[in-house]
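Take a look at the protein below. This report covers confidence first, then strands, helices and the core.

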Amino acid sequence: MTVDLPATLAGVRVTEARTPGRPLVVIDPGHGGRDPGATGVAAGTREKELTLLVARELRDELARRGRVRVALTREGDASLELDRRADIARRLGADLFISLHADSAKDPQARGATVYSLSDVASDADAARLAAAQGAPGASVSSVADGSVRTLLADLAARDAMTGSADFAVRLLDRATGRVELRPEPHRFAAFRVLRRTEAPAVLFEMGYLSNAMDEAMLRDPGTRGRMVAALAQAVETELALARR
Ligand SMILES: [Zn+2]
């Protein structure tokens, strides 16, 4: 079952849970439209198509399980600004936000998935470069700049979201270990713009490297993808069950 939303959220559908009033996860398929993202080294897989495919599979899996509500930031091949993606999550009152991506690196051996959670400091040069490519400004997130109560509250909310994001990343990796090919040190931190503006625990999940032929083949394989989607779905349910307590 889906519900219609106001015109400001045109094109966004919320898939309901089996019982009303359940928490909402917003899944963001990275890239789209004019922005194809990375391209697969062996089969020419386009990141924008892969992220949408996995987002739909994750939505369908969560809908089948029926415990949480789900929305996607885009349903088709649409160009969406980063702020618009975060805006959709905010307007819907998302309890959790997951942005899906696939990596690309100069080193063809680089492979495995990475979970990035929100931070005001990038964990390494790679994360900083990636955050910059995903629209983060060069400077770190500002703290209480003008001392106003409004800024202070926004700052506290951001800190809460940061802790929540890191906790969810740990939970997600816990579920993914043994089922998903992971990078060494798979939990990293970056000041992603799309994560900073969501006001809910938010992670960016890089599913693997399209610049690595084995990763690309695994991401194209429905069985491997199914195990990844199941791990994501379980992590989402665990997170949202905890969030409701
Ligand atoms: Zn990407």
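## Confidence

Confidence in the protein chain is lowest in strand β1 (residues 2–3), with a mean pLDDT of 64, and highest in helix α6 (residues 213–220), at 98. The term pLDDT is the predictor's confidence in each residue, from 0 to 100. Helices (H or I, at least four residues) and strands (E, at least two) are DSSP runs, numbered from the N terminus. This is a predicted model: local features need pLDDT of at least 70, side-chain atom pairs count only at pLDDT 80 or more, and totals for chains, interfaces and linings use all residues. Residues are numbered from 1 along each chain as its sequence is written.

The mean pLDDT of the protein chain is 85. In this chain, 83% of residues reach 70 or more. Over residues 137–147, pLDDT stays under 50. For that stretch the model has 14 contacts beyond four places in sequence. Two residues are in contact if their C-beta atoms, placed from the backbone, lie within 7 Å. Where pLDDT is low, the predicted coordinates should not be read in detail.

## Overall make-up

The protein chain has 7 helices and 8 strands. Buried residues make up 43% of its 245 residues. A residue is buried if 20 or more other C-beta atoms lie within 10 Å of its own, exposed if 12 or fewer, and partly exposed in between; C-beta atoms are placed from the backbone.

Take the contacts between residues at least 6 apart in sequence: 81% of them join residues at least 24 apart.

## Paired strands

Which strands pair with β5 (residues 96–103)? β3 and β5 pair in the parallel sense over 5 bridges. β5 also pairs with β8, again in the parallel sense, over 6 bridges. Two strands pair if DSSP finds at least two bridges between them. V26 has F97 of β5 as its bridge partner. S99 is bridged to L204 in β8, and D103 to Y209 in β8.

In β5, 8 of the 8 residues are buried, so the strand is largely enclosed by the rest of the structure. L96, I98, L100 and A102 point one way, while F97, S99, H101 and D103 point the other way. Strand β8 (residues 202–209) also has 8 of its 8 residues buried, so it is largely enclosed too. β6 (residues 113–118) runs antiparallel to β8, joined by 4 bridges. There, V115 has F205 of β8 as its bridge partner.

## Helix α2

In α2 (residues 82–92), the buried residues are R85, A86, I88 and A89. They cover an arc of only 150° around the axis, which puts them on the same side of α2. The arc is that of the directions from the helix axis to the C-beta atoms. What covers them includes β3, β5 and α5 (193–196). After α2 comes G93, whose phi is positive, near 70°.

## Core and helix α7

The largest nonpolar core has 63 residues. Such a core is a set of buried Ala, Val, Leu, Ile, Met, Phe, Trp, Tyr and Cys residues joined through C-beta atoms within 7 Å. Helix α7 (residues 222–243) gives the most to this core, with 8 residues. V236 is among the residues with the most contacts inside the core. Not counting residues up to four places away in sequence, V236 touches V25, L62, V68 and L96.

## An exposed loop residue

R34 is found in the loop between β3 (24–29) and α1 (47–65). Is R34 buried or exposed? R34 is exposed, because it has 9 other C-beta atoms within 10 Å.
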